[in-house]
Amino acid sequence: MERKRYRISGHESFPCRYAWLPKVVRLLQHDPSFFTDDDKVMVELGLGKNMVRSARFWAQATGIIAVSRKNVTLTHFGDTVLGRKKLDPYLEDIRTLWLLHWQLAADQDAPLLAWDYLLNRWQEPEMVPSIATQRLLAEASRFDEGISSVTIQQHLGVFLHTYVPTRGKKGKVQEDNLDCPLVELELLRKTGDRESQKAKGGRESVYAFRHEDKPDITAELFSFCIADYWTKRFPNEHTLAFRDIAHGPGSPGRVFKLPEDAVRARLESIDATSLGCFTYTESAQLQQLRKTGNPIVLQSFLEKVYAREASHG
């Protein structure tokens with residue numbers, strides 16, 4: 001069996017915080033060698049060593065930076081959105097948060113276990129932590145028999161705290177959890193609780209993904225993700241079936257939890273939003289997206305995302 005390079009640790013059990021990614025970008029712009037010295041970074045970021053490691057992890061996982069043995073550098077994505085082009089340097093645009101979510105969920109080179117499995121392959125309408133932990137452990141154990149259930153529980157906890165706000169006893173959102181920007185997407189919601197299978201008399205939360213149209217995912221943002229999905233997963237294909245775009249693992253429809261009619265509406269306008277690269281055909285026998293032959297330049301697709309004001313429907 002080919003070993004899959006799942007990432008399960010490295011986040012130090014911290015979800016990403018709002019200030020981390022902009023600060024990492026500013027530090028690298030000031031001094032590209034900065035991240036070779038944890039002590040200097042701790043001072044500049046005002047964080048402990050574990051949080052510095054976590055900030056670097058999330059900057060890499062979201063595609064903001066690239067890490068090699070000797071260097072930490074900004075990617076084209078990081079430089080365009082948060083760096084020199086400053087399309088959204090402080091994560092103030094909801095479209096940027098959807099793009100960060102896309103980066104986390106669509107990575108197939110070294111995928112984050114919970115993001116890869118729960119966003120791309122979880123089939124049930126609801127999710128409870130005990131069952132999710134069992135499924136994640138079984139998946140991870142296919143490639144690493146030494147993985148522990150405690151490690152999986154911590155990893156799942158980070159996933160949940162990335163998307164679900166922590167509420168106090170009176171139901172109020174606790175301030176410290178608002179530091180995690182992807183909470184704003186409201187992609188995953190707590191829908192109730194049920195009796196726990198593990199703790200007699202105990203209860204555990206029940207969660208569900210928000211399967212509905214999301215106007216903040218604009219046609220241009222959707223087109224960028226189509227281009228990224230096609231380039232990375234089907235580089236030699238000249239057509240993509242509607243079912244792959246709407247339901248395939250790592251697809252925009254699956255990652256964003258969009259219903260079919262929302263995917264179709266965006267595809268129907270893709271001739272105008274894809275820089276002339278794609279055209280959509282729909283008939284009783286055929287629903288597919290086709291490459292026109294024009295080169296796909298992800299940088300141009302990315303910049304087009306920010307070319308008009310976001311829709312906050």
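This is a predicted model: local features need pLDDT of at least 70, side-chain atom pairs count only at pLDDT 80 or more; totals for chains, interfaces and linings use all residues.
Which residues of helix H2 (residues 38-45) are buried?

**Entry 1: helix H2**

I find Asp-38, Val-41 and Leu-45 as the buried residues of H2. I then looked at how they are placed around the axis: they cover an arc of only 60 degrees, so they lie on the same side of H2. On the face turned away from this buried side I noted the exposed residues Asp-39 and Val-43.

I next asked which elements the buried residues of H2 pack against. The partners are helix H1 (20-30) and helix H3 (49-61). After H2 comes Gly-46, and I recorded its phi as positive, near 70 degrees.

**Entry 2: the whole protein**

For the overall extent, I took the C-alpha trace along its principal axes, where the span is about 55 × 50 × 45 Å.

I then compared the radius of gyration with the value for a compact globule. For 313 residues that value is near 20 Å, and the protein has 20 Å, so the two agree.

How many of the 313 residues count as buried? I find that 50% do. The accessible surface comes to about 15,500 Å², and carbon and sulfur atoms hold 47% of that surface.

I also examined contacts with a separation of 6 or more: 62% of them join residues 24 or more positions apart.

**Entry 3: cysteines**

I searched for disulfides and found 0 in the structure. A disulfide is a covalent bond between the sulfur atoms of two cysteines, and the cut-off I applied to the sulfur pair is 2.5 Å.

I repeated the check for Cys-225. Its sulfur has that of Cys-277 as the closest cysteine sulfur, but the distance is 15 Å, so a bond is excluded as too far. With a relative accessibility of 0%, Cys-225 also counts as buried.

Conventions. Residues are numbered from 1 along each chain as its sequence is written. Side-chain values use heavy atoms; hydrogens and water are left out. Buried means under 20% relative accessible area, exposed over 50%, partly exposed in between (1.4 Å probe, protein chains only). Helices (H or I, at least four residues) and strands (E, at least two) are DSSP runs, numbered from the N terminus. The arc is that of the directions from the helix axis to the C-beta atoms. Contact means heavy atoms within 4.5 Å. The radius of gyration is taken over C-alpha atoms; the globule rule is 2.2 Å times the number of residues to the power 0.38. Accessible areas come from the Shrake-Rupley method with a 1.4 Å probe; for residues, only the protein chains shown count as cover.
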